[in-house]
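Here's a quick briefing to read with the model open. Have a look at the fold first, then work through the points below.

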Amino acid sequence: MSTPSKLKMSEFQPTSDWDSVQEVFLKQKSYFGTDATKTYEWRIGQLDRLVRMLKENYKRFADASCKDFKTASQENVFEVSASIATSEFAKSQVKEWMKPVEAPLPKFLAASGHKGMVYREPYGVALIICPFNGPLVLSLRPAVAALSAGNPCVLKLSEALFATDEVLLELIPKYFEAEALSAVVGGRETVTNLLKLPFDFIFLTGSVGVGKVVMRAAAEFLTPVLLELGGQNPAIVDETANLPDAAKKIVWGAMAWGGQWCTSPGYAVVHESVAEEFVAECKKAVVELYGTDPKSNSDYSRIISPAAVERLASLIDPKKVVYGRKSDAAARYLDPTILYPISWSDKIMEDEIFGPLLPILTYADLGTLLAKIKSLPKPLAGYVFSRNQPAIDRVLQSLSFGGGAVNQTNVFLFIESMPYGGVGTSGIGNYYGKYGYDSLTHAKSVLISPPDVAIDHLFPPYTKEKVQALDQWFEY
């Protein structure tokens, strides 16, 4: 790869600096046209740069994530280590992923020396629109998918992450050439301007509202999209569940990252016969995990902004608080809060919560509950806690959701070998590992024919025998 003239990331920081954004976009388009990004060496080279950037600046990235809101050490360190692991996994697999795959052919074609091959080719320049809740994981993990697939990309960083943005804007130009990976930070105006450009692929992690904006813009250029959105994720707890275990896992799932994770349980819905016991176990779990003073506990993360604290506090019905409720907007703090009994018509159930609030509802009949959940927008995650295998099977077969777990929460999103993605209002497409590689590449089918073999029945004149020979196309 030739060494290009580099653009300073400081040029991107004003959202009105439209010329600089266009310049990098055109550079990436032009560079992609040289086919340099399609080589194995280029892809491995970009992943190596990403790993070096993270390892050589590990503490800076972890500290930045902590300043932004992930005060729990397990969470801010995870941001860096998970991004490194994703890159290393892709490095170990990309050579295999790049190999053309032979497809089965009709018997007569295979017998006459034909071959069917499926090649995977990169789409081109990708725009990756990043959210605040995964400062590195939800920006660099999609970048790994794009780069391993041979796509240059532009990261649109969240303007809410002051510390992480500062580090990324400084380091990306030091480790990457602008033709491969560039970054811009900004709000709605920046996104609007970027969406005016004919990107070859758009990857968004964000809200349903922004997803609709992206799809409308993508339609103008018929650009393929991958949308990772969200929703109110159910955690069903039946009467056979291990209640202390379920309560601890659900409370952790709802409170980790300050509840600001798209797979967090949005609510627990518990069989009425065990509801009181489950609520009591949830209260115990909060104390066990975060102590009696979570505000002073460094293992409990903050909320992203004072405005977000105020929004979350407005969802709390004081009459239904069984634990928590205290907030401090200036300190970006909100208690881990449990609310019970909640009904489907309560304000807190209207939309994705995205904070450390756990509403608890009850149900009497599983079939009625499943029908209710199915009447709502499809969630990104779904969880069921039970010892009853037929009940578990019924939930998994009946409910549509992006991904989830049985007797666990959130952990499925740590697994690189499983696809991650939403369905319906919770998203389109999936990524992680090979699934991300496939999403960021086009499957190009090629039939290879021997130069001296003709398929005679394709050519006129069409005799009865030639027409009958068409049946061979359906014999595999």
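Is N410 buried or exposed? N410 counts as buried, because its relative accessibility is 0%; buried means under 20% relative accessible area, exposed over 50%, and partly exposed in between (1.4 Å probe, protein chains only). Keep in mind that this is a predicted model, where local features need pLDDT of at least 70, side-chain atom pairs count only at pLDDT 80 or more, and totals for chains, interfaces and linings use all residues. Residues are numbered from 1 along each chain as its sequence is written, and side-chain values use heavy atoms, with hydrogens and water left out.

- Helices (H or I, at least four residues) and strands (E, at least two) are DSSP runs, numbered from the N terminus.
- In strand β5 (residues 181–185), 5 of the 5 residues are buried, so β5 is largely enclosed by the rest of the structure.
- L181, A183 and V185 point one way from β5, while S182 and V184 point the other way.
- β5 runs parallel to β4 (residues 153–157), with 5 bridges joining them (strands pair if DSSP finds at least two bridges between them).
- Across that pairing, L155 sits opposite A183.

- N410 has a positive phi of about 65° although it isn't a glycine, and lies in the loop between β16 (403–406) and β17 (427–428).
- D35 isn't a glycine either, yet its phi is positive at about 75°; D35 is partly exposed, with a relative accessible area of 40%.
- The peptide bond from Y340 to P341 is cis, with omega near -5°.
- Another cis peptide bond runs from P460 to P461, with omega near 5°.
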